[in-house]
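Student: I'm new to this one. Could you walk me through it, one question at a time?

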Amino acid sequence: MTRSAMGARTLPGEYFTSTEIHDRETANIFEKQWICVGRASAIPNAGDFFLHEMDGESLIIVRNESGQVNCFYNVCRHRGTRIQEAACGRIKKRLHCPYHAWGYDLDGKLKSAPNMMGVDGFCEQDHSLHTAACRVWQGFIFINQKQGGAALETDFQGILDRFDDWELERLVSAHEITYNVRANWKVIFQNYSECYHCSLVHPQLRPITSVETASNDFEDGQLLGGPMILSDEFKTVTMDGNQCGELLSKLSSDDQRRVYFYTLCPSLFISPHPDYVLTHRIERRSVNSTRIVCNWLFPPEVIQRDGFDVAQAVEFWDLTNRQDWDICELTQQGLQSRVYQPGPYSELESMLAAFDRHYLSLMTAS
Ligand code: FES
Ligand SMILES: [Fe+2]
């Protein structure tokens with residue numbers, strides 16, 4: 001047993017049921033940490049945008065004229081009206097409020113305000129849209145609502161180049177599925193962080209990789225997890241064991257035979273395979289519901305090739321995802337019982353203990 005799991009027990013029930021703790025998470029984690037909101041490739045052109053809703057806020061993620069991705073609060077600086085209602089689309093040059101037509105450019109600067117420009121004491125520079133910090137890392141868009149918080153490069157120090165060998169930055173989605181799961185977000189994280197359940201819950205995984213091959217290369221901090229080794233008959237994780245794409249060209253010979261499972265607290269799972277990268281973006285919705293957006297990422301030239309077919313990878317992970325969400329929902333139901341009390345983690349659950357430690361450190365940090 002790794003020392004990190006020894007004696008550790010699961011979190012008390014209120015961490016999965018209490019709205020008071022949910023609100024503390026909002027203040028201590030979700031308003032302070034870097035949150036993944038999607039892929040930069042979803043908004044390739046100037047003016048392309050999508051909305052991200054979290055914790056009662058609506059945020060506009062938009063690419064500006066020079067290619068940079070910005071994040072603004074969807075709140076007009078006149079009387080507060082929601083400016084953008086569509087979930088995604090393209091803004092032509094200006095973002096216009098539907099109430100009195102104040103217009104903002106793609107950097108959030110107020111450019112027009114009928115009957116206001118030139119009025120004594122009115123200064124358009126004082127009425128730019130409110131912003132959240134926004135950075136692109138490995139092709140993912142991350143936002144941070146904390147004003148003056150640490151740079152992403154500082155917060156992600158030590159993992160910044162972890163996924164370079166998979167060229168994650170340039171991979172694009174060949175398929176996407178969204179799931180709504182009736183379980184607390186931490187149940188989803190914890191389930192993904194162990195393969196103790198795999199042989200029982202995922203019989204289809206048994207021939208591909210075994211829990212005995214699992215190890216962890218990140219055991220502390222916001223990124224947790226590590227590799228499992230593929231069995232000889234499988235070239236990757238798909239229904240038939242064959243690759244949908246091609247071996248990613250920069251992988252070491254070891255990584256050509258491995259699948260990695262990483263959680264990045266509090267909003268992303270990254271699972272590099274020999275020929276693709278599976279990602280799960282985790283959106284906490286309420287104390288007992290979570291939205292999960294799953295993507296299968298490949299190099300763009302592979303997706304464009306004649307005959308490319310992602311079905312074998314999608315079928316495998318969609319089946320596995322649904323098995324996971326079912327067991328997570330059963331877990332959530334039990335966590336809500338009056339008799340639930342923390343249970344002991346097994347030696348195969350050291351990453352869950354590590355997740356709890358990191359989570360509690362964020363909850364108690366000032
Ligand atoms: S509230 Fe937006 S222009 Fe008046
Ligand atoms: Fe699972």
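What follows is a chat about a predicted model.

Student: Which element gives the largest share of the side of domain 1 that touches domain 2?
Tutor: Nine residues of domain 1 are in contact with 11 residues of domain 2. By class, the side of domain 1 has four nonpolar, four polar and one charged residues. Four residues come from one element, the largest share, and that element is strand 1.

Student: Is strand 1 mostly covered or mostly open?
Tutor: Strand 1 spans residues 35-39. Five of its five residues are buried, so go by the cut-off of 20 or more other C-beta atoms within 10 Å. That makes strand 1 mostly covered.

Student: Which residue stands opposite Ile35?
Tutor: Look across to strand 10, residues 140-144, which pairs with strand 1 in the antiparallel sense over four bridges. There, the residue opposite Ile35 is Ile143.

Student: What is the strand order in the open sheet of three strands?
Tutor: The edge strands are strand 1 and strand 9 (133-137), each pairing on one side only. Strand 9 pairs with strand 10 in the antiparallel sense over five bridges, and Arg135 stands opposite Phe142 in strand 10. Neighbouring strands of this sheet are turned by 30° against each other on average, direction ignored. The order is 1-10-9.

Student: Where does Gln138 lie?
Tutor: Gln138 has a positive phi of about 55° although it is not a glycine. It has 25 C-beta neighbours inside 10 Å, so Gln138 counts as buried. Its place is the loop between strand 9 and strand 10.

Student: Which residue takes a positive phi in the hairpin of strand 3 and strand 4?
Tutor: Strand 3 (residues 57-63) pairs with strand 4 in the antiparallel sense over five bridges. One bridge takes Arg63 to its partner Val69 in strand 4. The hairpin has five residues between the strands, and the one with phi near 95° is Gly67.

Student: Is Lys93 buried or exposed?
Tutor: Lys93 lies in the loop between strand 5 and strand 6 (95-96), and has a positive phi of about 70° although it is not a glycine. There are 12 C-beta neighbours inside 10 Å, so Lys93 counts as exposed.

Student: On to helices. How far does helix 7 reach from its first C-alpha to its last?
Tutor: Helix 7 covers residues 311-335, which is 25 residues. At 1.5 Å a residue, 36 Å is expected. The model comes close to that, at 35 Å.

Student: And how many residues of helix 4 are buried?
Tutor: Helix 4 (185-192) is among the elements covering the buried residues of helix 7, as are helix 1 and strand 11. The buried residues of helix 4 include Trp185, Ile188 and Phe189. Helix 4 is mostly covered, and of its eight residues the buried count is seven.

Student: Which residues does Leu11 touch, not counting those up to four places away in sequence?
Tutor: Leu11 is found in the segment before helix 1 (14-17). It is partly exposed, with 19 other C-beta atoms within 10 Å. The residues Leu11 touches are Pro342 and Asp356.

Student: Last one: what is the peptide bond from Cys265 to Pro266, cis or trans?
Tutor: Pro266 is found in the loop between strand 13 (258-264) and strand 14 (268-272). Omega for the bond from Cys265 to Pro266 is near 5°, and the bond is cis.

Note on methods: Residues numbered from 1 in each chain as written. Chains lettered and ligands numbered in written order. Predicted model: local features only at pLDDT ≥ 70, side-chain atom pairs only at ≥ 80, totals over all residues. Helix = DSSP H or I, 4+ residues; strand = E, 2+ residues; numbered from the N terminus. Pairing = 2+ DSSP bridges. Contact = placed C-beta atoms within 7 Å. Nonpolar A, V, L, I, M, F, W, Y, C, P; charged D, E, K, R; others polar. Axes fitted to C-alpha atoms, helices over the stretch in contact; angles between N-to-C directions. Expected span 1.5 Å × (residues − 1).
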